Amino acid sequence: MSGVWTGLLLSVCVYVCVTAQRHGPPSFLHHHHPQQHDQTEEPTQNISNSKIEVQSVKIDCKVASRFAHTVMTSTALNKANVSQEVFFEVELPKTAFITNFSMEIDGQTYFGEVKEKETAKEQYEKAVSSGQTAGLVKASGRKMEKFSVSVNIAANSNVTFTLTYEELLQRRFGKYEIMIRVKPKQLVQHFEIVADVYEPQGIAFLDTNATFLTNELLPLVEKMVTDKMAHLSFSPTLDQQRKCPDCDSTLVDGDFIITYDVNRAKDIGDIQIVNGYFVHFFAPADLPRLPKNVVFVIDRSGSMHGKKMEQTLEALVTILGDLYEEDHFGLVTFDDEIELWRPSLSKASQDNVKEAKEFVKTITARHMTDINRAVLHAVDMLAAAKKNSSLPDNSASMIILLTDGDPTSGEQHLPQIQENVRNAIGGNMSLFCLGFGYDVDYTFLDVMAKQNDGLARRIYEASDAALQLQGFYEEVASPLLLEVNLHYPDSLVNSLTNSHFRQLFDGNEIVVAGQLNDLAVDNLLIEVSAQGLEEQFLVQDQVSVEEWALMFPEQEYIFGDFTERLWAYLTIQQLLDKRDKCKPEESENITAEALDLSLRYNFVTPLTSMVVTKPQNDENPEDALIADKLSEDQRQDIIPQDFGYDIAVMPIALKGSAQALLVDGDPHFIIEIPEVNDALCFNTDDKPGTIFNLVREPLTGFVVNGQTIGDKKVEPGSKGHTYFGRFGIIHEKFNIRLMVTTREILVYEQGKHEELLWSKTSTVKHLNMELQVAKDHSLTVTLRNTVKFVIILHKVWEKHPYHQDYLGFYTLDSHLLSHSVHGLIGQFFHGVKFEVSEPFQGKDPDKPDATMFVKGHNLTVTRGWQRDFRKDVKNGENVPCWFIHKNGTGLIDGKLGDYIVSDLFKTF
């Protein structure tokens, strides 16, 4: 094999980039790059003459009765006289299941194989020892997942990648949506998107949109819609893709979106029977809205401080204004205490809503998080209102919980909280859980919601968080039916998916699928019953099996036994939900059933993996990659730890204000940059007793100094550890001084002295300062119009032979500090600008290195973790970060010694 490797990145759905791999020091190219290899250096090719020709990119989507089958294909030719690495990336909806993947290289096809996850893991770990493996699936934004794979292609050879996935389109806000992400990043010889939709009920409307469509590209979208069919295509020529006549860059960059709905002529819904399987879609039109009874349970713990609380309250004010007058509502806010707007539910009259909005404006973030007590109180409010007959008949009762973290007060054992809530609700109301950000245990919220006939949704920390909250509320704002039962003759059907639903909301759809016992049956009697606004909803109908068999003659719109695959998809989804909320003794059988279906229908689900074995050669005798289905908890949009071509945000120039700066442990410093979901970190190494200036702000005279302590004893030949054991905080303008040690908290203000103890929870409120002590845990300090921070107490067994108690310092809100603020961490309050190259193999095989350009320095940095103890003071939470070596040299201004001061209350 030639010593020169150049790289091509093909991404369909679609990123397609041609890049050349450089050798030696990492380059700052603005594209994705393959992993570096230690090969003999020869002159490298640049991007323009890499001799890789992207011959075609095609996305072919077929939809039959809401079930979408999408095939993405890309072909590239290596026209060079050296082998080159070709990268293929595809973005697919996170609700989809991958069903097939193949690579065709010089006439030979390599297929991905779906296996049980444990079996796949064994094969994957066997290949890991060769150092040639990588995970294939990463999270990509809120709705998508990215599938990535690479293969080395010989000179004058071509490769065709094909990925297939399937999903059941969900109806939301009265429409179905197909989203195809299109980001070629370069011109493509033959680029094509084709979509065919077949709906036997008839297509009510169908619209297309794309974020990249210009006036020139818009006419290229061809759309033909008849009664039951629609055909769309988009195929720009090479010249039509160009941003300008002489440009090599492409206009095609964004999302191609198709939305549609179907006709709904019958209240019974739509029943389709094909090859012994049936599917029933139920979403009757023109039903009157039911009144609802809703209790909003809002987390106001300290971690909600700042933008999250502002956005939550903004959304809540809007939601209150959208309540219908026949609705009843209540407000429960909680930290480690419960605070109510009113002790019982109130009708959503104009005056009541106005008063509630005023109450919402007074909510502030405060202490810890007691989810258990807050939700149980909301249940009690709804139960009492129902018992007192103060709620309308035939109304829907629900609780909407919003939290951004795990419980830290009251009952903290998650399974016990779930059991408490489930027992209290008793099937009499629904629970919807909204998890704000990535600090929540989403699985906990998801299971608790499913156990109580609701659902969970993540609210992403972004500028549109308020709109996300409002959007979720709009989904559940208009219940139409309660206790919906869809009944089919037991003697004629089997293997039914869920056929009972607590409620149906306006704009949504209920889907039930199953098998027929007898293919020769002529008619199927179907009955739907539910509780409507004023009377019982009851409809019946006879469905002719033969009639439906004649409805599907147009084979170009049908992909195999789609009804059977729809049934399997839906059954697997519901079995996985059932497994989450069932008793432990039932879980094994449910898991086995879901696994059997996943393997039988070749779906990549949470129970299976697709193993892709790449072509073997002398250098890579065993090279396997694995594609998994990500859980919501695995979808954190952080830079992946594993390194190579898939570090999606590198290399770029980053600058952003630091949302949190902290110092804790031995001692390690973390600078979080929320705009890019990343962090920088460094350690300091000095002798115990050293006092460092952490923050100084000359305009107010605000200063934070910290003094280190060491271990009680250091074994000969061992390295001693240091920690912060005392903090001195000064605010000269307010004439305030605080001394915080592991034993006590001393407060000096305006000549007065006060002592607080760690052993007692307490709150002190002064004109310019508020102190909140959580017993043996933390001190939260708020200085008016200046800053808010928390000091964490780490308690160590007093008889420990080596270690002793120590402190951690965490900023919560620093945006009011001026740009003249400085200090060891203060210099980062208003952001830092840096660039990071693509990662490369470092000294530690498990931790990649990269080159960082920051403050005029080129630094070798290492990908690793540090721990944040705000949520879990015992174990901490890992924070992925780029580690700057040698006491942060090159990242901090000057050198570490410049920050050493002579006194704990030294000012400047």
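Accessible areas come from the Shrake-Rupley method with a 1.4 Å probe, and for residues only the protein chains shown count as cover. On that basis the chain exposes about 38,000 Å², of which carbon and sulfur atoms supply 47%. This is a predicted model, in which local features need pLDDT of at least 70 and side-chain atom pairs count only at pLDDT 80 or more, while totals for chains, interfaces and linings use all residues. Residues are numbered from 1 along each chain as its sequence is written, and side-chain values use heavy atoms, with hydrogens and water left out.

Of the 908 residues of the chain, 57% count as buried, that is, under 20% relative accessible area (1.4 Å probe, protein chains only). The secondary structure comprises 12 helices and 53 strands, taken as DSSP runs numbered from the N terminus (helices H or I, at least four residues; strands E, at least two).

A nonpolar core is a set of buried Ala, Val, Leu, Ile, Met, Phe, Trp, Tyr and Cys residues joined through side-chain atoms within 4.5 Å. Two such cores are listed below.

| Core | Number of residues | Residues include |
|---|---|---|
| Largest core | 58 residues | Phe101, Phe147, Phe256 |
| Another core | 56 residues | Leu738, Val740, Leu807, Leu817 |

Phenylalanine 101, leaving aside neighbours within four places in sequence, is in contact (heavy atoms within 4.5 Å) with residues including Phe88, Phe147, Met610 and Val612.

Helix H5 covers residues 371-387. Among its buried residues are Ile371, Val375 and Leu382. Aspartate 370 caps the N-terminal end of H5, with a side-chain oxygen 3.2 Å from the backbone nitrogen of arginine 373. Just after H5, serine 389 takes a positive phi of about 55°.

How values were computed
Buried < 20%, exposed > 50% of the residue type's maximum accessible area, 1.4 Å probe, protein only. Expected span 1.5 Å × (residues − 1). Polar contact = N/O pair within 3.5 Å; in protein donor to acceptor, adjacent residues only side chain to side chain.
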